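Take a walk through this model, one region at a time. Keep the 3D view open as you read.

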Amino acid sequence: MPASPRSPAPQGRTGRPPVTSRAQILTAARGLIDRDGWEKLTIRGLAAELGIGATTLYHHIRSKDDLLLLLLNHHVAQVERPRLPSDPRERIVVATTALHNALAAWPWAAEVLSADGFVGLLDESAMWMVEAIVAGADDHGCTPEQSVDIFRSLWYYTVGEVLVRAHSARRHAAGRPFAYRDDLDPSQVPHLAAIGVRWAALAARDIYPQGLRTFVDGLLAQATSATPS
């Protein structure tokens, strides 16, 4: 009798290659964040997406915070560095604009970094925009305290701009934009009533660059005027 065919060797989970690099982990994590948001990202969910056990993933990633930091550092590393001007004011404007563009390209990063102190956990290579802003303020004659205040003020302005626009875009994409009223009582709010539904079009304009330059000028003038001679 002919020999019976041998049973095929047991196969592991098919359809996904085994995890061999941190790049694969970051790519999968970014995909989950883009789909579900960073708040819903879990180590177990990421492990399931990769087709491995959570214990195996913990050999590469210590925690969710560790994963988020790796993602942020990787994202910033992809940002093209502009040529920083020698003029301190212009250097601050260019560095802050680069920061804005990096966050606008991936708004979830602004949400993760919206707590004070988180920025300080990034790799030094990812801190060049912060360094450029603080250095520009220092070169303009600001004290260390004033330089930090200037960065924090610009940071709040930039993060607020990015998050408001990102959340507004999500509401529009979901078909749930806020409605603008055309029945405001002029006797109570005369200026708003005069603008009416035009508010939507006016608010949609991108005035970040103008606002940034005005803000930088005001912050530097206020800081240097308060610096003892």
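**From surface patch to aromatic pairs**

Valine 197 is partly exposed, with a relative accessible area of 46%. This is a predicted model. Valine 197 sits in the loop between helix H9 (190-195) and helix H10 (198-203). Together with Tyr180, Leu192 and Trp199, Val197 makes a nonpolar surface patch of about 370 Å².

Now turn to helix H7, residues 128-139. Several H7 residues are buried, among them Trp128, Met129, Val130 and Ile133. Ala132, Gly136 and Ala137 of H7 are buried too. What covers the buried residues of H7? The cover includes helix H4 (64-77), helix H5 (88-105), helix H8 (144-173) and helix H11 (208-225). Just after H7, glycine 141 takes a positive phi of about 105 degrees.

Aromatic rings come next. The structure holds 4 aromatic pairs. One of them joins tryptophan 106 and tryptophan 108: the ring centres are 4.6 Å apart and the planes lie at 85 degrees, so the pair is edge-to-face. Both tryptophan 106 and tryptophan 108 are buried.

Tyrosine 157 and phenylalanine 215 also pair edge-to-face, because their planes are at 85 degrees, with ring centres 5.5 Å apart. Tyrosine 157 lies in helix H8 and phenylalanine 215 in helix H11, so this pair ties together parts that are 58 residues apart in sequence. Tyrosine 157 is partly exposed, at 24% relative accessibility. Phenylalanine 215 is partly exposed, at 30%. With Tyr208, Tyr157 and Phe215 form one aromatic cluster.

Terms used: Residues are numbered from 1 along each chain as its sequence is written. This is a predicted model: local features need pLDDT of at least 70, side-chain atom pairs count only at pLDDT 80 or more; totals for chains, interfaces and linings use all residues. Side-chain values use heavy atoms; hydrogens and water are left out. Patches are made of residues with over 30% relative accessible area and no salt bridge: like charges are joined within 9 Å, nonpolar side chains (Val, Leu, Ile, Met, Phe, Trp, Tyr) within 5 Å. Accessible areas come from the Shrake-Rupley method with a 1.4 Å probe; for residues, only the protein chains shown count as cover. A salt bridge is a side-chain nitrogen of Lys or Arg within 4 Å of a carboxyl oxygen of Asp or Glu. Helices (H or I, at least four residues) and strands (E, at least two) are DSSP runs, numbered from the N terminus. Buried means under 20% relative accessible area, exposed over 50%, partly exposed in between (1.4 Å probe, protein chains only). The expected span of a helix is 1.5 Å times one less than its number of residues. Contact means heavy atoms within 4.5 Å. Rings of Phe, Tyr and Trp (its six-membered ring) pair if their centres lie within 6.5 Å; planes under 30 degrees apart count as stacked, over 60 as edge-to-face and the rest as tilted.
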